[in-house]
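Visitor: I am new to protein structures. Could you show me how to read a few features, one at a time?

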Amino acid sequence: MSRPKNQNYKGHGLSKGKEREQRASIRFKTTLMNTLMDVLRHRPGWVEVKDEGDWDFYWCDVSWLRENFDHTYMDEHMRISHFRNHYELTRKNYMVKNLKRFRKQLEREAGKLEAAKCDFFPKTFEMPCEYHLFVEEFRKNPGITWIMKPVARSQGKGIFLFRRLKDIMDWRKGTAGKKLTSSEAQPARSAVNPPGGHDARSSDDQKDEIPVENYVAQRYIENPYLIGGRKFDLRVYVLVMSYIPLRAWLYRDGFARFSNTRFTLSSIDDQYVHLTNVAVQKTSPDYHPKKGCKWMIQRFRQYLASKHGPEAVETLFSDMDNIFIRSLQSVQKVIISDKHCFELYGYDILIDQDLKPWLLEVNASPSLTASSQEDYELKTCLLEDTLHVVDMEARLTGREKRVGGFDLMWNDGPVSREEGAPDLSGMGNFVTNTHLGCVNDRKKQLRQLFRSLQSQKKASS
Ligand SMILES: Nc1ncnc2c1ncn2[C@@H]1O[C@H](COP(=O)(O)OP(=O)(O)O)[C@@H](O)[C@H]1O
Ligand SMILES: [Mg+2]
């Protein structure tokens, strides 16, 4: 059965609570065999279904979504881990296109100052269709470094840096990926774009490969903030429960991913210097599996505070909040908002030496594979808390501002940190409810939350 876009099927007329009460267990399905499977299997009352079995909760990969979503009937209570056209945000070219459009709209409606708040992505051109525009820009700034990235690949695959137009000529002749990733570059899979829309890309930091490899040419950030002489970027998790209205949660934990080799601009061909992807760095001869290449974001925040003082850190982190919100707003009207869908995004943010954060890309399903014990704990807790927010068990009231490590960042408007304060951004002392890189006492919070929910339930029954 095909289902019209932008329109939700209704369930069988049972109220949410009643429908759930009648179900003894929650049937889940997933294709991913990593921390996610561990979390799902250990969740009380959840049972795994395989193959064609009926499910209530499906953490699917995006290729399943593309092939099946439009023909799948979903009861009201069912939940699925992606929005139908998530790629509007998670494919590099569409993300930039949507941001550019949103910026223009803001400029028209709210003026230049407001529009300037969208200036957090490096100058980007879609290739080959914006090749001529790119060349114009290239000629204006001789000598600077550019980075070429396939729009729909991941883990650093196919990426290369360049300073001469000649290098693009090579790429145009089909030798892309030779420079940085020759050992990793894979032949493009022969997939056909779905009609009538942008193509999807796959999950788990692994995106689909498309036949004609489109790239983006992006200005390379030549002055990354360095720690111990090494470059890093941040991975931050944002959970979107709905686009209309926009309802988004920010996770307190995340990490910085370091490169193993000291940063230099003199060797632009060395992937171990320039690409901070764990998939790249762990193949480096200097990689220590025990040490890994990550710092928890709390450690990073403390490090910055000790170097630059708390105010600079506050500014940086609120600039990052701005990135999360504006990027989501840029696709708010484009994404098919379906109440069955939620999405856990992995943001890649690079910080430069002026402590300005840059958005590099947003991942549809960030890697859930753990690279160390610490990483395993982060990811299992992140997933447990995601399931708490998705709330298949129907325990929450819907008024919570914090659930485990997640803080409600946007609820059709900014959310105030203060208890009981109105969720409207006034001028005064409004402080947003975000705590990225702060203490994550999630266990204690969850204990208190579920205890108080239980006593509320008892009182009302
Ligand atoms: N514009 C840029 N400036 C500096 N470094 C970049 C830029 N774009 C990407 N990188 C580096 O390359 C890595 C991979 O780029 P990204 O856009 O995240 O693609 P992928 O999908 O392959 O992860 C980033 O993690 C970062 O280290
Ligand atoms: Mg990335």
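This is a predicted model: local features need pLDDT of at least 70, side-chain atom pairs count only at pLDDT 80 or more; totals for chains, interfaces and linings use all residues.

Visitor: Let us begin with rings. How many aromatic pairs are there?

Guide: The count comes to 27 aromatic pairs. Take Trp 59 and Phe 342: their ring centres are 5.6 Å apart and their planes meet at 70 degrees, so this pair is edge-to-face; the label applies to planes over 60 degrees apart. Trp 59 sits in strand E3, while Phe 342 is in the loop between helix H13 and strand E12, 283 residues apart. Both Trp 59 and Phe 342 are buried.

Visitor: What is the geometry of the pair formed by Phe 83 and Tyr 243?

Guide: That pair is edge-to-face, with 4.9 Å from centre to centre and 80 degrees between the planes. Phe 83 belongs to the loop between strand E4 and helix H4, and Tyr 243 to the loop between strands E9 and E10, so look for them in distant parts of the chain, 160 residues apart. Phe 83 and Tyr 243 are buried as well.

Visitor: Which residues do ring pairs link into a cluster?

Guide: The cluster consists of Phe 125, Phe 134, Phe 138, Trp 146, Phe 160, Phe 162 and Tyr 215. A ring can also have a charged side chain over its face. Here Arg 301 lies over the face of Phe 317, 4.3 Å from the ring centre. Likewise, Arg 395 lies over the face of Phe 450, at 4.2 Å.

Visitor: Is Lys 294 buried or exposed?

Guide: The cut-off for buried is under 20% relative accessible area. Lys 294 has 16%, so Lys 294 is buried. You will find Lys 294 in strand E11.

Visitor: What does its side chain meet there?

Guide: The side chain of Lys 294 makes a polar contact of 3.2 Å with the side chain of Ser 371. Another polar contact, of 2.9 Å, joins the side chains of Lys 294 and Asp 375. Among the other residues that Lys 294 touches are Phe 255, Val 278 and Lys 379.

Visitor: And how should I think about salt bridges?

Guide: Side chains of opposite charge can pair when their charged atoms come close. The structure holds 25 salt bridges. In one of them, Asp 70 meets Arg 84, with the closest N and O atoms 3.1 Å apart. Asp 70 lies in the loop between helix H3 and E4, and Arg 84 in the loop between E4 and H4, so the bridge ties together parts 14 residues apart in sequence.

Visitor: Which parts of the chain does the bridge between Glu 114 and Arg 326 tie together?

Guide: Glu 114 is in helix H6 and Arg 326 in helix H13, so the linked parts are 212 residues apart in sequence. At 24% relative accessibility, Glu 114 counts as partly exposed, whereas Arg 326, at 12%, counts as buried.

Visitor: Which residues are linked in a network of salt bridges?

Guide: Look for Arg 103, Glu 107, Lys 112 and Asp 119, which are linked in such a network.

Technical notes: Residues are numbered from 1 along each chain as its sequence is written. Chains are lettered from A and ligands numbered from 1 in the order in which they are written. Side-chain values use heavy atoms; hydrogens and water are left out. Rings of Phe, Tyr and Trp (its six-membered ring) pair if their centres lie within 6.5 Å; planes under 30 degrees apart count as stacked, over 60 as edge-to-face and the rest as tilted. Helices (H or I, at least four residues) and strands (E, at least two) are DSSP runs, numbered from the N terminus. Buried means under 20% relative accessible area, exposed over 50%, partly exposed in between (1.4 Å probe, protein chains only). A charge sits over a ring if NZ of Lys or CZ of Arg is within 6 Å of the ring centre and within 35 degrees of the ring normal. A polar contact is a pair of N or O atoms within 3.5 Å; within protein, one must be able to donate a hydrogen and the other to accept it, and residues adjacent in sequence count only if both atoms are side-chain atoms. Contact means heavy atoms within 4.5 Å. A salt bridge is a side-chain nitrogen of Lys or Arg within 4 Å of a carboxyl oxygen of Asp or Glu. Lists of a residue's contacts leave out its neighbours within four places in sequence.
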